[in-house]
Amino acid sequence: MSAISITGLHKAFGAARAVDGVDLEVPEGEICALLGPSGCGKTTMLRLLAGFETPDAGTIRVGERLVAGDGTMLAPEKRGIGMVFQDYALFPHLSVAENVGFGLPRGERSSRVDELLELVGLAGLGDRHPHALSGGQQQRVALARAIAATPALVLLDEPFSGLDAALRASVRGEVRSILERAGVTALFVTHDQEEALSLADTVAVMHAGRIEQIGTPEEVYGRPATRWVATFLGEADVLPGEVTEGQVDFELGRLPIDPGFRGAADVLVRPEAVSLSLGSGGSGRRVEGRVVQREYFGHDQLVHVELPSGRRIRSRSLSHPVWHEGDRVHIAIDGPVNVFAPTGSP
């Protein structure tokens, strides 16, 4: 059963189409990321779901209930939706326990709050005030408050943007664990690809008011539906190629692939699919190139290599062996590539 069912959703602000015919289904119990760049319409989508904006056309169902469209427009508090705001929106004058229990019936407030603080790992901190907590702890308070009334759906607006980079990875894991244990469906908005791919069960990639692709993190990253998705999700270099029946031929080799067309093609290669070596052994075509730049990140490195044609390609690998500018290397494809019709083709 779907926790969210959106059909033909439209919302414009003057001449700007913020949401342009969106369809989206999220099964119960899943975590879905709505991923896209600034201005793509993802925040408007969240506001439409929450009831803060009225759609121009289309319908929104939460579970089996129609909450917007076809003459219906339920108020936010009647939708059974929990919300975690970007700045957490905690009441500074209330304690942690009072924040979590806000809106709960008085008779069940104490036991439910204790249960939720245990769930989010804040047992014993109920008497503190938000200013005495770290950013990660404040986020967990906001999440506990959002799931306190057992909503059908929890919405999270850029939930990790207020945290420093060192804290984000650990808090992402905590949030996923909390949502799974609470058994709620969640949809979160983010512009951060790493966040979406690491946290979500399903990723909906949004661009210019439309959803370009929906799938698992592995599907949208490894088998992007469009060139835009391929270049937005991670790094990719583009090389010209030629597609014949069942294969593509380009500067780095001939690979079996069937993109559904023949002729000129753009071959998108991710850096992790490019291997470098000093030797010329191994199977398949190996092309010699020259290292022109190396970026070192500790756990891995990104090496820029100039090909015989003068084009450049990047290779990402572990931090060893160490490559230096001017090194002559052999280049081979050691992973999947994506093939699209050239820009401007019909």
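**A helix and its packing**

Tutor: This is a predicted model. In helix α4, the buried residues are Gly 136, Gln 137, Gln 139, Arg 140, Val 141, Ala 142, Leu 143, Ala 144, Arg 145, Ala 146 and Ile 147. That is eleven of the 13 residues, so α4 is largely enclosed by the rest of the structure. Buried here means under 20% relative accessible area.

Next, the geometry. Helix α4 covers residues 135-147. At 1.5 Å a residue it should span 18 Å, and its end C-alpha atoms are 19 Å apart, which agrees.

Now the nonpolar side. The largest nonpolar core has 44 residues. Leu 143 is among those with the most contacts inside it, as are Val 100, Val 154 and Val 203. Helix α4 gives the most to this core, with six residues. Another core lies apart from it, with 28 residues, including Met 45, Leu 153, Leu 155 and Ala 204. In soluble globular proteins, nonpolar side chains tend to be buried together.

Gln 213 lies in strand β11 (residues 210-215). Gln 213 is buried, with a relative accessible area of 11%. Its side chain reaches the backbone oxygen of Arg 223 at 3.1 Å. Gln 213 also touches Ala 204, Val 205 and Pro 224, among others.

Technical notes. Residues numbered from 1 in each chain as written. Predicted model: local features only at pLDDT ≥ 70, side-chain atom pairs only at ≥ 80, totals over all residues. Heavy atoms only, no water. Helix = DSSP H or I, 4+ residues; strand = E, 2+ residues; numbered from the N terminus. Buried < 20%, exposed > 50% of the residue type's maximum accessible area, 1.4 Å probe, protein only. Polar contact = N/O pair within 3.5 Å; in protein donor to acceptor, adjacent residues only side chain to side chain. Contact = heavy atoms within 4.5 Å. Expected span 1.5 Å × (residues − 1). Core = buried A, V, L, I, M, F, W, Y, C linked by side-chain atoms within 4.5 Å. Lists of a residue's contacts leave out its neighbours within four places in sequence.
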